[in-house]
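Me: I have a model open and want to learn to read its side-chain features. Can you take me through them one by one?

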Amino acid sequence: MAEIVANTMTSFQSDFEKYDKEYIIKEGVNAFPFLWMIHRSHTYLIRLSEIRKDYFDNEAFRYDIAQSCSWIHAYLWPTGMKVTEDIYFVTKDHVTKISLEQARNIARDAIELAIATWEQENEKMPTKFKVRVEIGDISLCKLKELILDCRSHNDDSLLKCLKRFHNHRQQAKDHKVSIWYNERCNEFSFAEMVNGKCQLNGAIVFHGWPESGYQESNSVQLDPKYGWASHT
């Protein structure tokens, strides 16, 4: 591996010594097998031997795998990007250069084995994903009134802010966004909760209409616009 680093990398060669080599020395035979990705300025290990443990121990990783957006997918199936690294399959005794498709098949086999083992002992992962959104402290009549007020100004900013939460990547079975309305301030507060813990909070703030003037509403927009906007 050191010879490959010397022949391939033109900068940051010390990363191999600091991260890759150190990991192999620390884990010993348990480090193998793994996929090793190397470029002129970086290397990365896909630790195949740890996929099963990560899958069993980390609910967010299970959901990422199910949605094809895990860190493994980011390296081997990057969206809108080309994989430019050389890839090697490394065992205790051999370092073999392989194609991207071969690397994907090896990673896919490791993932599918982890999933199959999990499903022998636990319920299957869902196939459809959507973060649950709950809206409180406002009547349906009042919410419709605010949305219609937007549309009377050829604006759908409030509805877009509310719908955007459905696009959040689901990280757990118990994953929801709670939204509540403060009529006195005419704004919404929200909290994204994962397994009972707050991961993100903020407000959906009204910034006025042209006829009434722009309102900062104790928040800052880099590109000031009328209507509603999310702030965290």
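Reply: Start with a charge over a ring: NZ of Lys or CZ of Arg within 6 Å of the ring centre and within 35 degrees of the ring normal. Here the charged end of R52 sits over the ring of F56, 4.4 Å from its centre. R47 does likewise over Y23, with its charged end 3.8 Å from the ring centre.

Me: What should I know about the model before going on?

Reply: It is predicted; local features need pLDDT of at least 70, side-chain atom pairs count only at pLDDT 80 or more, and totals for chains, interfaces and linings use all residues. Residues are numbered from 1 along each chain as its sequence is written, and side-chain values use heavy atoms, with hydrogens and water left out.

Me: How many aromatic pairs does the whole structure hold?

Reply: Rings of Phe, Tyr and Trp (its six-membered ring) pair if their centres lie within 6.5 Å; planes under 30 degrees apart are stacked, over 60 edge-to-face, the rest tilted. A search of the whole structure finds 16 such pairs. One of them, F16 with W36, is tilted, at 5.9 Å centre to centre and 50 degrees between planes. Ring pairs also link Y44, Y55, F56, F61, W71, Y75 and W118 into a cluster.

Me: Are F16 and W36 buried or exposed?

Reply: Buried means under 20% relative accessible area, exposed over 50%, partly exposed in between (1.4 Å probe, protein chains only). Both F16 and W36 are buried.

Me: How do I read a nonpolar core?

Reply: Nonpolar side chains tend to be buried together in soluble globular proteins. A core is a set of buried Ala, Val, Leu, Ile, Met, Phe, Trp, Tyr and Cys residues joined through side-chain atoms within 4.5 Å. The largest one here has 22 residues, and Y55 is among those with the most contacts inside it. Helix α6 (100-121) is one of the elements giving two or more residues to this core. It gives the most, with 6. Helices (H or I, at least four residues) and strands (E, at least two) are DSSP runs, numbered from the N terminus. Apart from this core lies another, of 20 residues, including F165 and W228.

Me: Which residue's side chain does Y181 join by a polar contact?

Reply: A polar contact pairs N or O atoms within 3.5 Å; within protein, one must be able to donate a hydrogen and the other to accept it, and residues adjacent in sequence count only if both atoms are side-chain atoms. The side chain of Y181 joins that of N186 at 2.6 Å. Y181 lies in strand β6 (residues 175-182). It is buried, at 7% relative accessible area.
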